[in-house]
Amino acid sequence: GRNLVKLINGFKDAWNTFEASNSENGWQVISVSTLPNCRLLAGMAFPGSRVAAIFNFERTTLPRAEYLPRGKGFSVDPVEIEGHSWIALTKVEGANYDLFVAMLENLFKMIGDLGNVSGDILLHSFIDRVSAWQDFMRRDHQNLSIESQTGLYGELSFLKDLLELGLKSEVIVTGK
């Protein structure tokens, strides 16, 4: 809980710093944290000031760009930084910022929960999870209005807060 909040805040702080710098084009990046078998950079792509989380899974071979998930609201692209191959998960212009941050929070938690697995397992887990978010974001456009999406996000955030405060998960499932 607390480490995840600290990690997300580190990304938000970095993005605010990048936005103030207003670069011409290309990437601005800063190292935010290292999870087991995964280095993380906060990044911003210019022009457009698009926020990004950039992942480096140690000792992996990245798939070709066409095999990486494409989602409504975000892009997943291989990038070369400091002589290493990274995967940039970038919010596209006009996409919901809070939903993007929720996706990152979910990905960071998954990576942390997987612990010290091999980089290839981590990469495939990452791609599977991003694909699941891609499916969710594709479905939401057909079924949920913006108001419904916001309401669902609020309800889930509230439930997460209750769980972090010690509410037993059985109470949520059974309603007792």
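Which residues do ring pairs link into a cluster? In this predicted model, where local features need pLDDT of at least 70, side-chain atom pairs count only at pLDDT 80 or more, and totals for chains, interfaces and linings use all residues, the members are Phe-11, Trp-15, Phe-55, Phe-57, Tyr-97, Phe-100, Phe-108 and Phe-126. Residues are numbered from 1 along each chain as its sequence is written, and side-chain values use heavy atoms, with hydrogens and water left out.

The structure holds 8 aromatic pairs (rings of Phe, Tyr and Trp, the last by its six-membered ring, with centres within 6.5 Å; planes under 30 degrees apart are stacked, over 60 edge-to-face and the rest tilted). One of them joins Phe-11 and Trp-15 edge-to-face, at 5.8 Å centre to centre and 65 degrees between the planes. Because these two residues are 4 apart in helix α1, about one helical turn separates Phe-11 from Trp-15 (helices are DSSP runs of H or I, at least four residues, and strands runs of E, at least two, numbered from the N terminus). Both Phe-11 and Trp-15 are buried, that is, under 20% relative accessible area with a 1.4 Å probe and protein chains only.

Turning to the strands, β5 (residues 74-81) and β6 (residues 84-91) pair in the antiparallel sense over 8 bridges; pairing requires at least two DSSP bridges. Ser-75 has Thr-90 as its bridge partner in β6. The hairpin of β5 and β6 has 2 residues between the strands, and Glu-82 takes a positive phi near 50 degrees there.

Conventions. Buried < 20%, exposed > 50% of the residue type's maximum accessible area, 1.4 Å probe, protein only.
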